[in-house]
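Student: Could you help me learn to read a protein model, one feature at a time?
Tutor: Gladly, let's look at it together.

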Amino acid sequence: MGTVLTLIGDPVKAGSGETVLDQGTIDLVRRAVEAAGHATGTVTTLHDGVAVDIAAEGEAAAVRDAAEAALAGAGLPVDAAAQPDGPARRRRLLVSDMDSTMITCECIDELADFAGVKAEVSAVTERAMRGELDFAEALTARVSTLTGLADGVLARAFGERVRLMPGARTLVATMRSQGARAVLVSGGFTYFTARVAALCGFDDHRANVLEIEDGRLTGRVIPPILGADAKVEALDHYAGLWAGGLGGALAVGDGANDLPMIVQAGLGVAYHAKPRVAAAAPVRINHGDLTALLYLQGYARDEFLIAD
């Protein structure tokens with residue numbers, strides 16, 4: 001059987017004693033996949049009650065769709081992903097978005113709070129991440145609202161507002177312990193990516209640079225603006241450098257500017273993503289935390305290097 005179907009629940013719920021992924025759920029999914037014309041085989045437990053691999057036959061997207069339909073129909077908070085099985089599942093490169101992916105907030109929205117315009121900026125951020133606005137134009141407009149802020153707000157925003165997404169450090173640490181590399185690629189700002197990269201253990205980072213003069217934000221980004229195209233360029237560069245090509249790379253993000261790199265990577269994941277992104281991505285994680293990306297690669301829980 002050349003396809004592997006991975007079912008992943010929320011480890012927080014499992015840790016609190018709530019049943020997340022039981023035998024009944026596994027059987028339900030297997031019946032649905034088989035009814036769609038795809039034989040299933042061995043079930044491998046990756047984390048009891050949280051994640052399993054199920055061997056299957058058939059094209060990955062069709063297997064995933066059958067599994068997702070069954071889970072949604074039963075109202076079960078479990079993610080399903082399917083991909084070709086084999087050693088290549090373990091990717092040699094992680095390329096990740098930062099805001100609302102590796103961290104729980106949008107940094108520009110938090111900066112805007114210090115300028116008293118968070119509500120209006122957050123509304124623009126939401127539309128941009130949904131793909132309703134041109135990213136560069138929306139970023140330029142949002143940054144302009146920060147004009148005159150003292151550069152000390154950057155440190156305050158980082159210290160008071162930025163929190164790592166659950167599983168972030170464990171994901172990076174586990175992959176790097178197996179020889180993989182990791183890069184943070186963000187449409188946000190280098191002040192934050194440098195610090196998040198250091199906290200999580202990323203090998204490199206790329207983002208936009210806020211212009212600062214005389215200790216204050218000018219309300220401008222130093223060109224060029226890093227958007228969707230630049231994320232793809234970064235993916236191509238680092239995949240060629242460290243992963244033997246795109247097939248060895250895992251890309252993850254939540255917004256429209258992440259989608260081009262998600263669909264080009266060997267394994268592309270929409271993480272708690274905007275609807276347009278989730279609909280187009282090969283894999284979507286809506287319930288699990290970032291350790292779900294380890295289960296997708298076939299890591300069992302006892303292989304995790306726990307760092308969170």
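Tutor: Let's start with a helix on a sheet. Helix α2 (residues 23-35) lies across β1 (3-8), β2 and β3, and α2 runs at about 145° to β2. Helix α3 (residues 60-73) packs on the sheet too, touching β1, β3 and β4, and its direction makes about 165° with that of β4.

Student: What do those labels, contacts and angles stand for?
Tutor: Helices (H or I, at least four residues) and strands (E, at least two) are DSSP runs, numbered from the N terminus. Contact means heavy atoms within 4.5 Å. For the angles, axes are lines fitted to C-alpha atoms, for helices over the stretch in contact, and the values run from 0 to 180 degrees between N-to-C directions.
Tutor: Please keep in mind that this is a predicted model, where local features need pLDDT of at least 70 and side-chain atom pairs count only at pLDDT 80 or more, while totals for chains, interfaces and linings use all residues. Residues are numbered from 1 along each chain as its sequence is written, and side-chain values use heavy atoms, with hydrogens and water left out.

Student: In what order do the 4 strands of the open sheet lie?
Tutor: Here is the general idea: strands of a sheet pair through backbone hydrogen bonds, either parallel or antiparallel. Two strands count as paired if DSSP finds at least two bridges between them. In this case the order is β2-β3-β1-β4, with antiparallel pairing. At the edges are β2 (40-47) and β4 (79-84), each pairing on one side only. From one strand to the next, the twist averages 20°.

Student: How many bridges join β1 to β3?
Tutor: There are 6, and the two strands run antiparallel; I8, for example, has A51 as its bridge partner in β3. Strand β3 (residues 51-56) also pairs with β2 in the antiparallel sense, over 5 bridges. Across that pairing, H47 stands opposite A51, and T44 stands opposite D53. β2 and β3 form a hairpin with 3 residues between them, and G49 in the turn has a positive phi of about 80°.

Student: Is β3 mostly covered or mostly open?
Tutor: Mostly covered: 5 of its 6 residues are buried. Buried means under 20% relative accessible area, exposed over 50%, and partly exposed in between (1.4 Å probe, protein chains only).

Student: Which strands stand at the edges of the open sheet of 7 strands?
Tutor: The order there is β8-β7-β6-β5-β9-β10-β11, with mixed pairing. β8 (216-222) and β11 (283-285) stand at the edges with a single partner strand each, so one side of each has no neighbour in the sheet. Strand β10 (residues 267-271) pairs with β11 in the parallel sense over 3 bridges, and V269 has V283 as its bridge partner in β11.

Student: Which residues touch the most other members of the largest nonpolar core?
Tutor: A nonpolar core is a set of buried Ala, Val, Leu, Ile, Met, Phe, Trp, Tyr and Cys residues joined through side-chain atoms within 4.5 Å. The largest one has 61 residues, and L94, L111, F189, F192, F202 and V269 touch the most other members. Helix α13 (residues 292-296) gives the most to this core, with 5 residues. A second, separate core of 18 residues includes L7, L21, V52 and V63.
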